[in-house]
Amino acid sequence: VTDQDVKSRLGKILNKSLSRHDGSDCTCLHGSSNFVVTEAYQVKNLNLWRRYQRLVRSIQDKHKEHGISLEEINPSVSEALTEFARDLTVDLAGNERLLLHGTRDFELARAIATEGFDNRV
């Protein structure tokens, strides 16, 4: 990612991430956040991405076919992450959410992108 605005917005999201998914405060060692994103990479495995998109369309079709309406996710996703997700055309109405995953090891990130996560671990 070369756009400084995108890196700045990622930093803001990280700095607002002191809450856990259940709304309680994070007790991590980092304490108060003051992250500055200096590098960011968007790594995609196009085959996995296309497979994911087909699955999403299939689920959407089944919802329509069976008259299923989705409930809102609770607790809700942070405003900063929701705003960032909109820019990436994430289907928030369909309860699709954005997951950001960081690692210090670029080779590990490359392996995840090419092979996917190992759900057995």
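Accessible areas here come from the Shrake-Rupley method with a 1.4 Å probe. With that settled, I looked up the total for the chain: about 10,200 Å², of which 51% belongs to carbon and sulfur atoms. I note for myself that this is a predicted model.

**Entry: overall layout**

I went through the secondary structure and got four helices and zero strands. Along the sequence that reads α-α-α-α. I then checked burial: of the 121 residues, 17% count as buried. For contacts with a separation of 6 or more, I found that 52% join residues 24 or more positions apart.

**Entry: the core**

Which residues make up the largest nonpolar core? I found seven: Leu10, Ile13, Val37, Ala40, Ala80, Leu81 and Phe84. The elements giving two or more residues to this core are H1 and helix H3 (79-87). H3 provides the largest share, three residues.

I stayed with H3 for a moment. Its buried residues are Ala80, Leu81, Thr82, Phe84 and Ala85, and the buried residues of H3 pack against H1.

Next I picked Ala40, one of the core residues. Setting aside neighbours within four places in sequence, I see Ala40 in contact with Val1, Lys7 and Leu10.

**Entry: Arg9**

Arg9 sits in helix H1. Is Arg9 buried or exposed? I had to look at the number: its relative accessibility is 19%, and the cut-off for buried is under 20%, so Arg9 counts as buried. Leaving out residues up to four places away in sequence, Arg9 touches Glu83, Phe84 and Asp87. Of these, Phe84 is also on my list for the core.

I looked up Gln42 and found it in the loop between helix H1 (4-15) and helix H2 (46-66). Gln42 counts as exposed because its relative accessibility is 59%, and exposed means over 50%. I also took a C-alpha distance here: Gln42 and Val1 are 41 residues apart along the chain, yet their C-alpha atoms are separated by 6.7 Å. Val1 had already turned up among the contacts of Ala40.

How far does H2 reach from its first C-alpha to its last? I get 30 Å for its 21 residues, close to the 30 Å expected at 1.5 Å a residue. Just after H2 comes Gly67, with a positive phi of about 65°.

I then went looking for nonpolar side chains on the surface. Leu46, Trp49 and Tyr52 form a nonpolar patch there, with about 280 Å² of accessible area together. Trp49 lies in helix H2. At 34% relative accessibility, Trp49 counts as partly exposed, because that class covers the range between the buried limit of 20% and the exposed limit of 50%.

**Entry: positive phi values**

Why did I list these at all? Most residues other than glycine have a negative phi.

- Thr89 follows H3 and has a positive phi, near 55°.
- Asn95 has a phi near 60°, again positive in a residue other than glycine.

I placed Asn95 in the loop between H3 and helix H4 (106-115). With a relative accessible area of 24%, Asn95 is partly exposed.

**Entry: to keep in mind**

Notes
Residues numbered from 1 in each chain as written. Predicted model: local features only at pLDDT ≥ 70, side-chain atom pairs only at ≥ 80, totals over all residues. Heavy atoms only, no water. Buried < 20%, exposed > 50% of the residue type's maximum accessible area, 1.4 Å probe, protein only. Contact = heavy atoms within 4.5 Å. Core = buried A, V, L, I, M, F, W, Y, C linked by side-chain atoms within 4.5 Å. Patch = residues over 30% accessible without salt bridge, like charges linked within 9 Å, V, L, I, M, F, W, Y side chains within 5 Å. Salt bridge = Lys/Arg side-chain N within 4 Å of Asp/Glu carboxyl O. Expected span 1.5 Å × (residues − 1).
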